[in-house]
Amino acid sequence: GTVGGTTYTNPDSLTVTASCVVVQWNDQSGQGNHASQASQAKQPTIHEGSANTDLVQDNGNPAINFSGSANQALRTSSYAVELSQNNASVFSVHNGNGVGNTGYVLSEADSSNPYSSNFIYGTFTGPAILWVNATTFGTAQTGQVLSGFDYNGTNFQAHLDGAASGRAGTATVNAEANDYTYIGSQAQDGSSFSFTGNIQEVITYKSDQSDNRPGIEENIN
């Protein structure tokens with residue numbers, strides 16, 4: 001590829017370091033529902049570019065960095081989870097720095113109105129907040145968060161670091177047939193509520209996995 005105006009034909013011939021951005025985050029479920037971003041300016045970072053060892057990491061493991069100021073976002077080719085249509089569980093491993101940030105780790109939206117979303121996760125200045133359409137289900141301090149929602153078709157239950165948040169109940173869910181799931185923002189252009197921080201994993205199920213939660217969280221850890 002081309003780095004800094006110089007084209008390299010051999011990947012081993014790089015003599016300069018450069019930041020690496022994520023064009024596509026592959027779906028590992030076998031469903032092929034990859035999350036992508038065509039605009040380079042809106043692609044999140046996986047290598048910071050100042051040194052060969054600057055792979056973005058959390059707890060020694062690779063992560064993808066979203067800079068809220070850069071309006072970065074990835075969009076799946078079809079919806080990954082749709083609360084208005086089926087039971088669901090969502091898990092996320094992320095680190096939000098919470099500096100002047102009002103952004104979403106994950107949201108779902110209709111292509112005809114990408115801002116009419118059922119929000120799955122949000123992180124605001126200071127603590128991380130789990131919510132669906134402005135109904136808050138729990139908070140956790142900024143930092144590495146293993147968190148998730150279970151939805152059984154009627155009620156939600158949020159979990160933080162593997163423990164129930166103590167908040168359970170109903171929330172308004174938009175009834176439209178959502179087309180996409182966004183990672184790092186409310187919409188693919190990243191112009192609304194962009195997330196600031198690192199995301200390592202986002203796991204979604206189109207079914208309620210509350211009974212299997214301990215095993216799933218042990219796997220993630």
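F91 counts as buried, at 1% relative accessibility, where buried means under 20% relative accessible area, exposed over 50% and partly exposed in between, with a 1.4 Å probe and protein chains only. Y205, at 27%, is partly exposed.

Quick caveat: this is a predicted model, so local features need pLDDT of at least 70 and side-chain atom pairs pLDDT 80 or more, while totals for chains, interfaces and linings use all residues. Numbering runs from 1 along each chain as its sequence is written, and side-chain values use heavy atoms, with hydrogens and water left out.

So, ring pairs: Phe, Tyr and Trp rings (six-membered ring for Trp) pair if their centres lie within 6.5 Å, and planes under 30 degrees apart are stacked, over 60 edge-to-face, the rest tilted. That rule gives three aromatic pairs. F91 and Y205 are edge-to-face, because their centres are 6.2 Å apart and their planes sit at 85 degrees. Then there's Y180 with Y182, a tilted pair at 6.5 Å centre to centre and 55 degrees between planes. Both Y180 and Y182 are buried.

Now the nonpolar cores, meaning buried Ala, Val, Leu, Ile, Met, Phe, Trp, Tyr and Cys residues joined through side-chain atoms within 4.5 Å. The largest has 14 residues, and W25, F66, L74, I183 and I199 touch the most other members. There's also a second, separate core of six residues, including V93, I203, I216 and I220.
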